Amino acid sequence: IAGGDFSVSVEERSAKDVMSQSMNKMINTQRGYIESISKAMHNIAEGNLSSSVDIAYEGEYIPIKNSINNMLTSQREWVTEIIRVLDLLSKGILSDKIEMEFVGDYDALKIYINKMIDSQRKYVSTISYVMNQVKEGDLSVSIEEDFEGDFLPIKESINLTVAQLNGYINEIERVLDSISGNDLTHTIDSDFKGNFNILKTSINE
């Protein structure tokens, strides 16, 4: 028993062998405590945070039970909050961040997730602003902020599109200005695409 082996038992010599009965009760109690703790810790290692230590503990084992259950409760709350925020992110909702108080490695995870949300908010806000300006006819805008990762091609595509639109409009204005001055020698020679190519053809004709 002193070596941590609770698989042993004491042979009871008679119904009045109180010493042996007490020893066996103590062994069984200790075995139950250890099995319950081991099961809880195994479940945690397997990622199962729904368990808890439910058997009645006594004496110096009570703080151990309380510590394990408190740890499980905290981890359940943290994981639930992380899942909630990540689920919103998967739906494109960037309005929520993790506000709950985290500790240790979970706090580092919280910081990284919130940083990711802040970055995506910045990207989406900048893209929305530029596209709205283009919709309003302002082609002087572009995305100047530093974008990273998969957002970088989006930035490059938007800036290229705005630059192309600028080129189309400037070329059209140049030719129309010549036409307004009765100079019909100018045509649009640049490579236009899509609906702008139709407009180019109409003006040149």
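How many residues does the largest nonpolar core have, and which of them have the most contacts inside it? Keep that in mind as we walk through this predicted model; the answer comes once you know your way around.

**Stop 1: the whole chain**

Start by showing the whole protein chain as a cartoon. Now turn the model around slowly. Along its principal axes, the C-alpha atoms fill a box of roughly 125 × 25 × 25 Å. The radius of gyration is 36 Å, whereas a compact globule of 205 residues would have one near 17 Å.

Buried residues account for 28% of the 205 residues in the chain. If you colour by charge, look for 19 positive and 33 negative charges, whose mean positions are 9 Å apart.

**Stop 2: helix H1 and Ile27**

Go back to the cartoon and select Ile27, which is found in helix H1. Is Ile27 buried or exposed? Its relative accessibility is 1%, so Ile27 counts as buried. Ile27 and Ser9 are 18 residues apart in sequence, yet their C-alpha atoms are 7.2 Å apart in space.

**Stop 3: the loop with Ser51**

Follow the chain onward to Ser51, in the loop between helix H1 (18-45) and helix H2 (61-90). Although Ser51 sits in a loop, this residue counts as buried because its relative accessibility is 14%, and the cut-off for buried is under 20%. Which residues does Ser51 contact, leaving aside neighbours within four places in sequence? Select Ala40, Asn43, Leu72 and Arg76 to see them. For another view, draw a distance from Ser51 to Val85: these two are 34 residues apart along the chain, and their C-alpha atoms are separated by 23 Å.

**Stop 4: Glu81 in helix H2**

Select Glu81, which lies in helix H2. Glu81 counts as buried because its relative accessibility is 12%. Show its surroundings, without residues up to four places away in sequence, and you will find that Glu81 touches Lys97, Ile98, Glu99, Met100 and Phe102.

**Stop 5: the largest nonpolar core**

Now for the opening question. The largest nonpolar core has 17 residues, and Val130, Val134, Ile143, Ile158 and Ile188 are those with the most contacts inside it. Select these five and show their side chains. Helix H3 (104-135) and helix H4 (151-180) each supply at least two residues of this core. Colour H4 to pick out the largest share of the core, six residues.

Then zoom in on Val134. Apart from neighbours within four places in sequence, Val134 is in contact with Leu139, Val141, Val162 and Leu165.

**Stop 6: Ser178 in helix H4**

Stay with helix H4 and move along to Ser178. Ser178 is buried because its relative accessible area is 13%. Which residues touch Ser178 when neighbours within four places in sequence are left aside? Select Asp183 and His186 to see these contacts.

**Last stop: zoom out**

Finish by bringing the whole chain back into view. Among contacts between residues at least 6 apart in sequence, 39% join residues at least 24 apart.

Notes:
Residues numbered from 1 in each chain as written. Predicted model: local features only at pLDDT ≥ 70, side-chain atom pairs only at ≥ 80, totals over all residues. Heavy atoms only, no water. Core = buried A, V, L, I, M, F, W, Y, C linked by side-chain atoms within 4.5 Å. Buried < 20%, exposed > 50% of the residue type's maximum accessible area, 1.4 Å probe, protein only. Helix = DSSP H or I, 4+ residues; strand = E, 2+ residues; numbered from the N terminus. Contact = heavy atoms within 4.5 Å. Rg over C-alpha atoms; globule rule 2.2 N^0.38 Å. Lys, Arg positive; Asp, Glu negative; His and termini not counted. Charge placed at Lys NZ, Arg CZ, Asp CG, Glu CD.
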